[in-house]
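The entries below are kept in the order in which I looked.

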Amino acid sequence: MPASEIKKPWLIAFDFDWTLIDEDSDRFIYKQLSEELLEKLYREHCTVQWTDLMAQLQLDLKDRGIKAEQVLDTLRQIPFNPAVARALSLAKSHGAEMIILSDANTLAIAEISKANGISEYFSRIITNPAHIDDEGVLRIQRLTAADGPQHNCPNGCAVNICKGKELTQFLEASGPYERVVYVGDGRNDLCPASKLKSTDFVLPRTGHALANILGSEGEDDDAPTDIDPIQKLPASSKRKVSAQIKFWKTGEDLYNVLEELFKTA
């Protein structure tokens with residue numbers, strides 16, 4: 001059998017905000033550093049594309065004397081459950097390859113992961129690029145650039161990233177895998193969940209949008225969605241998910257769910 005046809009045992013793809021950490025990394029910055037800019041975030045998110053708004057708010061922080069190093073130091077303090085690190089260690093011990101697929105940014109994920117000792121577990125991080133410029137400003141860009149080819153996802157993904165497309169491309173380049181697991185919380189995690197087979201698993205976090213969509217009650221289309229940088233979901237999106245669903249709420253739950261999957265595989 002050609003090496004390219006030999007299946008690897010497991011791929012686990014994780015969202016980041018409210019999945020690997022117990023917060024939203026974008027909002028956390030302004031909760032801690034500028035109540036005024038947090039209000040601006042809430043006021044303008046419906047009219048300004050999310051990633052572009054995050055980039056603008058970083059410039060606003062600079063105007064207030066707050067530079068990137070203070071932002072990164074704030075992110076290092078973000079709530080993190082040590083049980084998640086134990087879950088990642090468990091997955092590694094079973095030979096799982098792990099990646100992050102997130103609408104955050106490279107610097108935020110790198111700093112938070114390093115601060116909590118989980119960087120070593122991930123073979124790849126797919127997210128919006130970020131860097132610190134010569135003036136000490138955290139610069140954030142869309143993964144899918146506004147002036148480049150668009151992903152045109154039919155599942156309502158944010159214009160800057162289609163997680164389903166990114167997961168599919170990763171699987172084509174790095175697979176095949178015996179089983180794929182997707183762990184997430186938000187509405188933008190439905191698209192990658194829809195790319196999984198019936199032998200794969202999707203792990204939605206209870207109390208968040210993805211679990212509401214995939215749960216027995218479904219999602220109330222008229223309910224407020226707080227701040228969610230994706231378009232309205234087509235009615236058919238939920239029906240596209242054929243993977244087995246395992247819910248979790250805490251880091252301890254995540255450990256237990258993964259342990260169960262490895263035992264029964």
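The notes that follow go from the whole chain to single residues.

**Ground rules.** I am working with a predicted model, in which local features need pLDDT of at least 70 and side-chain atom pairs count only at pLDDT 80 or more, while totals for chains, interfaces and linings use all residues. Residues are numbered from 1 along each chain as its sequence is written, and side-chain values use heavy atoms, with hydrogens and water left out.

**Overall.** I noted ten helices and eight strands in the chain, where helices (H or I, at least four residues) and strands (E, at least two) are DSSP runs numbered from the N terminus. Of the 265 residues in the chain, 51% are buried; buried means under 20% relative accessible area, exposed over 50%, and partly exposed in between, with a 1.4 Å probe and protein chains only. Among contacts (heavy atoms within 4.5 Å) with a separation of 6 or more, 70% join residues 24 or more positions apart.

**Cavity.** I searched the whole structure and found one cavity of 30 Å³ or more. A cavity here is a set of points on a 1 Å grid over the protein atoms alone where a 1.4 Å probe fits but cannot get out, and lining residues have an atom within 4 Å of a point. Grid points are joined across faces, edges and corners, and the volume is the space filled by probe spheres set on the points. The largest cavity holds about 50 Å³ of space, and its lining consists of Asp26, Trp50, Thr51, Met54, Asp103, Ala104, Asn105, Asn128 and Ile140. I see that α3 (50-63) and β2 (97-105) each give at least two residues to this lining. Sorted by class, the lining has four nonpolar, three polar and two charged residues, with Ala, Val, Leu, Ile, Met, Phe, Trp, Tyr, Cys and Pro counted as nonpolar, Asp, Glu, Lys and Arg as charged, and the others, Gly among them, as polar.

**Asparagine 160.** I then turned to asparagine 160, in the loop between β5 (138-140) and α7 (163-174), which counts as buried because its relative accessibility is 0%. Its side chain makes a polar contact with the side chain of aspartate 103 at 2.6 Å; a polar contact is a pair of N or O atoms within 3.5 Å, where within protein one must be able to donate a hydrogen and the other to accept it, and residues adjacent in sequence count only if both atoms are side-chain atoms.

**Aspartate 15.** I found aspartate 15 in the loop between β1 and α1, buried with a relative accessible area of 5%. Its side chain makes a polar contact with that of threonine 19 at 3.2 Å, and its contacts beyond four places in sequence include Leu101, Lys163 and Asp189.

**Salt bridges.** Which charged pairs did I count? The total is 16 salt bridges, each a side-chain nitrogen of Lys or Arg within 4 Å of a carboxyl oxygen of Asp or Glu. Arginine 205 pairs with aspartate 22, with the closest N and O atoms 2.9 Å apart. Arginine 205 is in the loop between β7 (201-204) and α9 (209-214) and aspartate 22 in the loop between β1 (8-14) and α1 (25-33), so the pair ties together parts 183 residues apart in sequence. Arginine 205 is buried at 8% relative accessibility, whereas aspartate 22 is partly exposed at 24%. Glutamate 36 and arginine 64 form a salt bridge at 3.0 Å, N to O. I also recorded a network of salt bridges that links Glu69, Asp73, Arg76 and Glu111.

**Backbone.** Most residues other than glycine have a negative phi, and most peptide bonds are trans. Against that background I noted a cis peptide bond between glycine 175 and proline 176, with omega about 5 degrees; proline 176 is in the loop between α7 and β6 (177-184). Tryptophan 18, not a glycine, has a positive phi of about 60 degrees and is partly exposed at 26% relative accessible area. Asparagine 152, also not a glycine, has a positive phi of about 50 degrees and is exposed at 67%.

Terms used. On a 1 Å grid over the protein atoms alone, a cavity is a set of points where a 1.4 Å probe fits but cannot get out, and a pocket is an open set with protein on both sides within 12 Å along at least five of seven lines; lining residues have an atom within 4 Å of a point.
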